[in-house]
Amino acid sequence: MVYCIGHSIISPLGEGSQANVEAVQAGRSGLRLYHNRFADVEPFCASLFDTPQEFVPLCICSVTCALNDSQIAALPETIFILSTTKGDNLDLLTPAQAIVQHFGNPNPPVVVSNACTSGVCAQITAKRLLEAGLYKHAIVIGCDIQTRFIVSGFQAFKALSPEPCRPFSPDRQGLNLGEAAATIIYTAEPQPGGWKLVAGSIHNDANHLSAPSRTGEGAYRCLTDVMAGMQPADIDLLGVHGTATPYNDAMERTAIERAGLQDVPVSALKPFFGHTMGAAGVVETIIGMEILKHGTFVKMLSGFGGVNAAIRLTCE
Amino acid sequence: MRVTHDIEITTSSVILDGQPIVVQQTGEKMLVELYRRFVGDYPKFFKMDTLSRLGFIAAELLLKQPAAGNQQPVDAVILANRSASIKNDRDYLATITEGNYYPSPALFVYTLPNIVTGEIAIRHGIQGETSFYILDTPQQLNAIIAATPFQSALAGWCECSAQDKFYAKLQTIWNN
């Protein structure tokens, strides 16, 4: 078990977790239509920063904000774990090293690149490394900024919705992309109160690289793992991936029903932030913790490569 | 934790459990040669990018070995490298050059390093954990593997940084 001692979200909705939670509670969305953001790219609906951001400074801003929150410094016994899919112009390792160097931390960073599940997987990696006694604190950063590369790819898959996305709606048309940097700081040192990361699980569907399993096999196994010893009634909130593509949401519904969690309240945050890729698991975990305040929260994600992940957090 | 089998693939050599496999070709042609000699019945191989072909071939050769008194397949795939999916990323970018905007979904899906773990999982029916890390050194990966819960895993380094520039060193590891 590891303990959350600070977090931050920097997104088009605001700077800091509080500003982002308030925006969500007020029903504000970062999504809008972009016509000429990237050369040659067809118009698309997304949640992007007004001024294009650079990857490393954006991450540093998010970490600084979370460190202020947690009252710890980036000490030698701290490991930095970066969750991203495309990093800084396709380079994932160099920006992670630049972030670590900025904070004067001596430990080589870990980058988790497990497609859309990366932000949840990075938290699972943090839990494992802290529980193994290798470090005292882990700074988990999720960040992706949108480029022509990503937008064109999702357009090629015809996965983008021309309108703000509608997760789990019968008339959903696809996903919207988004940009954000978010940070959660975990510590191995027991804390009085606050959120604890209790369980985590990663499973592959072993079915298809880009289409979710019809039986939701990987997602179902992740939910079963993180529910070990728990009853469905013990779960106060289930944070789904909810990309609003027809196949993803149908797969999640199947997995949720197979796990007996169909009566648990569900949150799907992509209509506010878009799909922030490497940041999604971190952003959506923070919003879940803040909106629930206390109780038990399960967060799930799925992604390309057939990978699924889930974590369970609790706050008494 | 015990290592049951290991394989090292460079652009001109293959060493399985310490024994060299003699190859005629080098570079990406060598991967095709290995596919034809040791697999042959999985045409999806030809859709894969080089990183996936490399991991796929390494997994084929490793998982055909007797699993030290235990015949069940591995339940986890944990891989790492320094350069993510950079070779295929650049190939993909080359298809969306200025004024020529026709992205290929078949190439785009391989612009993630964890796709190779998915290819291996699909081929061998592995429904346990698949994870891909971007790290500076294999020593970092060893620490992560030691902290990861699994019964048996296919784990190691799998990298393709440019055309005909790749390296893999994978092991099967058992925790019981």
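Is A:Glu217 buried or exposed? A:Glu217 is buried, at a relative accessible area of 14%, where buried means under 20%, exposed means over 50% and partly exposed is in between, with a 1.4 Å probe and protein chains only.

Before we go on, a word on the ground rules. This is a predicted model, in which local features need pLDDT of at least 70 and side-chain atom pairs count only at pLDDT 80 or more, while totals for chains, interfaces and linings use all residues. Residues are numbered from 1 along each chain as its sequence is written, chains are lettered from A and ligands numbered from 1 in the order in which they are written, and side-chain values use heavy atoms, with hydrogens and water left out.

Back to A:Glu217. You will find A:Glu217 in helix H6 of chain A, residues 217–226; helices here are DSSP runs of H or I with at least four residues, strands are runs of E with at least two, and both are numbered from the N terminus. Leaving out residues up to four places away in sequence, A:Glu217 touches A:Asp205, A:Arg258 and B:Gln127, a contact being heavy atoms within 4.5 Å.

Now, chain B itself. Chain B has six helices and seven strands, and from the N terminus on they run β-β-β-α-α-β-α-α-α-β-α-β-β. Its radius of gyration is 16 Å, which agrees with the value near 16 Å for a compact globule of 176 residues; that radius is taken over C-alpha atoms, and the globule rule is 2.2 Å times the number of residues to the power 0.38. Along the principal axes, the C-alpha atoms of chain B fill a box of roughly 55 × 35 × 30 Å. Of the 176 residues in chain B, 56% are buried.

Which residues of helix H3 of chain B are buried? In that helix, residues 86–94, they are B:Ile86, B:Lys87, B:Asn88, B:Asp89 and B:Tyr92. The buried residues of H3(B) pack against helix H5 (148–156) of chain A, and also against helices H1 (27–38), H2 (50–63) and H4 (105–108) and strand E6 (152–162) of chain B.

Most residues other than glycine have a negative phi. A:Met277, though, has a positive phi near 55°, and sits in the loop between helix H8 (270–273) and helix H9 (280–292) of chain A. B:Asp17 also has a positive phi, of about 50°, although it is not a glycine. B:Asp17 belongs to the loop between strand E2 (14–16) and strand E3 (19–21) of chain B. As for cover, A:Met277 is buried at 5% relative accessible area, whereas B:Asp17 is partly exposed at 31%.
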